[in-house]
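Subject: The structure you asked for

Hi,

Here is the structure we talked about, with my notes below it. Have a look at it first, then read on.

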Amino acid sequence: MSKSGFGIEIEGITHGYVPRSGKPTVALDNVSLSIAPGEFHALLGPSGCGKSTLLFLIGGFQKIQQGTIRTARGLVSEPGPDRGIVFQNFALFPWKTVIENVRYGLEKKGIKGSEAEQRAKHYIDLVHLSGFEKAFPTQLSGGMQQRAAIARTLAIDPDILLMDEPFGALDAQTRRIMQEELLTIWRGTGKTVVFVTHDVAEAVFLADRISVMSARPGRIKRLVSAEFNRSADPTIHKSPAFNDMVEQVWEMVRDEVDQARAQGH
Amino acid sequence: MVRAAYTYFPLVLLALLWEVISRSGVISQDMLPPFSVVMRALWGLIQSGDLLSNGTASLTRAAIGFVLAVGVGALLGAGMALIPWVYRGIDPIVQIFYPLPKSALIPLVLVWFGLGDTSKTFLVFLGCLQPAILATYNGLRGVDVLLGWSARSLGATRFQVVREVMFPAALPQLLTGLRTALAFMFLLMVSSELVIATNGLGYLIGNFGDQGSYPEMFATILVVTALGFLADRGFLALSDHLLRWRP
């Protein structure tokens with residue numbers, strides 16, 4: 001399904017910042033990672049490990065200080081519609097209705113009128129929001145807002161889907177449903193997904209591979225292949241293999257959480 | 001309607017109290033003409049056309065000053081919010097002049113621009129400029145950066161992000177600031193005309209006061225009050241309409 005044999009090539013990314021009240025901090029230290037086209041890749045780690053920073057660098061939202069990130073479109077230097085993003089807090093345009101939000105990116109692509117309407121409706125339907133086209137985001141639950149945000153991003157048909165803890169603000173049941181639906185959509189579209197989370201079970205459930213990241217300075221400590229996402233078995237969460245994997249990954253993360261805590265995060 | 005009548009009932013009481021105090025002679029009728037006399041004077045001013053011509057003169061100047069201030073203020077405020085050197089250049093000036101009552105500049109502006117329309121328009125402009133700058137600046141600064149990132153990844157240019165995302169997102173704060181500016185508009189409109197004018201509502205108030213035509217003076221004050229109130233209500237209704245997406 002992928003448009004080329006190119007996923008995301010991250011090479012030697014080092015990124016630091018100076019917080020308003022403190023000494024310069026290295027958020028990412030010489031991170032290299034190769035993500036295959038069509039891969040569902042999770043960035044997993046404690047808060048402050050730089051996983052969101054890495055995602056934002058792939059998105060082109062922050063200036064790369066050192067190293068390179070390459071996609072099918074070449075070197076990343078600024079945001080572009082080939083890399084769609086979904087944030088934890090949805091970042092919908094609150095003054096636009098659901099369908100106006102979804103149409104925004106389409107109009108930027110030059111798709112207007114009834115074709116934009118049709119495509120927007122298609123993606124709203126895909127995330128099960130039909131009937132809420134004319135609702136404003138503030139009139140929707142958190143889960144529905146995130147559905148709208150996902151529809152808005154999918155509508156521009158990006159090669160790469162960047163997701164920053166997209167289900168972190170949702171309640172447990174909604175989160176589970178959204179995870180399953182995301183997998184269904186991913187299987188149907190074959191997009192490359194980079195998914196940031198601190199939830200081990202979520203990463204194991206969703207990802208082909210998991211980058212387990214270390215606490216500050218952020219590094220990729222281990223690469224784990226999970227691949228439970230290829231199964232459409234709804235009871236996969238209960239399987240011993242799944243739980244063993246969660247346990248195993250959790251052991252890797254635990255050290256990092258302890259370290260992060262020792263550093264005061 | 002019933003609700004409005006209920007809300008503004010104290011105003012009726014105030015008018016009655018005014019009438020009684022004046023009629024009873026507690027306060028001399030010269031100083032406080034009875035409400036009914038003021039109403040009669042108001043009717044006279046309406047019939048003579050004085051109110052209309054002077055009101056039009058005032059509101060035209062005020063509106064021009066207000067619109068110019070909003071335009072220039074939005075530009076400067078946006079510059080401050082988006083471009084660091086613009087901020088460094090303008091912010092100290094805005095801060096220094098913040099506590100200065102703009103009416104203190106009336107004599108100076110008279111020297112600069114004379115008695116014509118320009119002086120009053122300029123004073124209204126000055127009075128409204130600061131709230132317009134600050135509302136734009138604070139509004140744009142307060143916009144969630146992720147909204148802009150979303151738009152950029154959806155294909156918007158930087159300029160489109162400012163116009164199509166940041167300004168709409170800043171609209172609630174912008175409108176709050178413009179409401180303040182609207183109040184300053186009336187303040188400067190009347191106070192400037194009290195000092196330097198040959199027409200206008202402020203001029204009427206001053207002139208009637210000098211002549212000892214107190215019923216007419218009170219009538220004009222009431223008109224200014226009513227205009228200010230109606231403008232504010234109208235602005236609020238417009239705000240509610242523009243912000244109907246808010247919960």
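Let me start with E117(A), which is partly exposed because its relative accessible area is 28%. One thing to keep in mind throughout: this is a predicted model.

**Salt bridges**

E117(A) pairs up with R103(A) in a salt bridge, and their closest N and O atoms sit 2.6 Å apart. The two partners come from distant parts of the chain, 14 residues apart: E117(A) belongs to helix α3 (residues 113–126) of chain A, while R103(A) belongs to helix α2 of chain A. R103(A) has a relative accessibility of 17%, so it counts as buried, given that the cut-off for buried is under 20%.

Over in chain B, there is a salt bridge between D117(B) and R61(B), with 2.9 Å between the closest N and O atoms. D117(B) is in helix α7 of chain B and R61(B) is in helix α4 (residues 50–82) of chain B, so this pair ties together parts that are 56 residues apart in sequence. How exposed or buried are the two ends? D117(B) is partly exposed at 47% relative accessible area, whereas R61(B) counts as buried at 4%.

Another pair in chain B is R163(B) with E164(B), where the closest N and O atoms are 3.2 Å apart. Back in chain A, salt bridges with shared partners join R103(A), E107(A), E117(A) and K121(A) into one network. Searching the whole structure over all chains turns up 19 salt bridges. As background, side chains of opposite charge can pair when their charged atoms come close.

**Chain B overall**

Chain B has eleven helices and zero strands. Its C-alpha atoms fill a box of roughly 70 × 50 × 30 Å along the principal axes. Of its 247 residues, 44% count as buried. If you take the contacts in chain B between residues at least 6 apart in sequence, 70% of them join residues at least 24 apart.

The accessible surface of chain B is about 13,300 Å², and carbon and sulfur atoms account for 71% of that.

**A nonpolar patch on chain B**

Which residues form the nonpolar patch on the surface? They are Y8(B), L11(B), L14(B), L17(B), F229(B) and L230(B), together giving about 590 Å² of accessible area. Helices α2 (9–24) and α11 (214–242) of chain B each supply at least two residues of the patch, and the largest share, three residues, comes from α2(B). L11(B) is in helix α2 of chain B and is exposed, with 53% relative accessible area.

P131(B) lies in helix α7 (residues 117–141) of chain B and is buried, at 12% relative accessible area. Aside from neighbours within four places in sequence, P131(B) is in contact with G177(B), T180(B), A181(B) and F184(B). The C-alpha atoms of P131(B) and G77(B) are separated by 9.8 Å, with the two residues 54 apart along the chain.

T97(A) is in the loop between β6 (83–86) and α2 (98–108) of chain A. T97(A) has 10% relative accessibility, so it counts as buried. Leaving out neighbours within four places in sequence, T97(A) is in contact with E133(A), K134(A), A135(A) and F136(A).

Cheers

How values were computed
Residues are numbered from 1 along each chain as its sequence is written. Chains are lettered from A and ligands numbered from 1 in the order in which they are written. This is a predicted model: local features need pLDDT of at least 70, side-chain atom pairs count only at pLDDT 80 or more; totals for chains, interfaces and linings use all residues. Side-chain values use heavy atoms; hydrogens and water are left out. Patches are made of residues with over 30% relative accessible area and no salt bridge: like charges are joined within 9 Å, nonpolar side chains (Val, Leu, Ile, Met, Phe, Trp, Tyr) within 5 Å. Accessible areas come from the Shrake-Rupley method with a 1.4 Å probe; for residues, only the protein chains shown count as cover. A salt bridge is a side-chain nitrogen of Lys or Arg within 4 Å of a carboxyl oxygen of Asp or Glu. Helices (H or I, at least four residues) and strands (E, at least two) are DSSP runs, numbered from the N terminus. Buried means under 20% relative accessible area, exposed over 50%, partly exposed in between (1.4 Å probe, protein chains only). Contact means heavy atoms within 4.5 Å.
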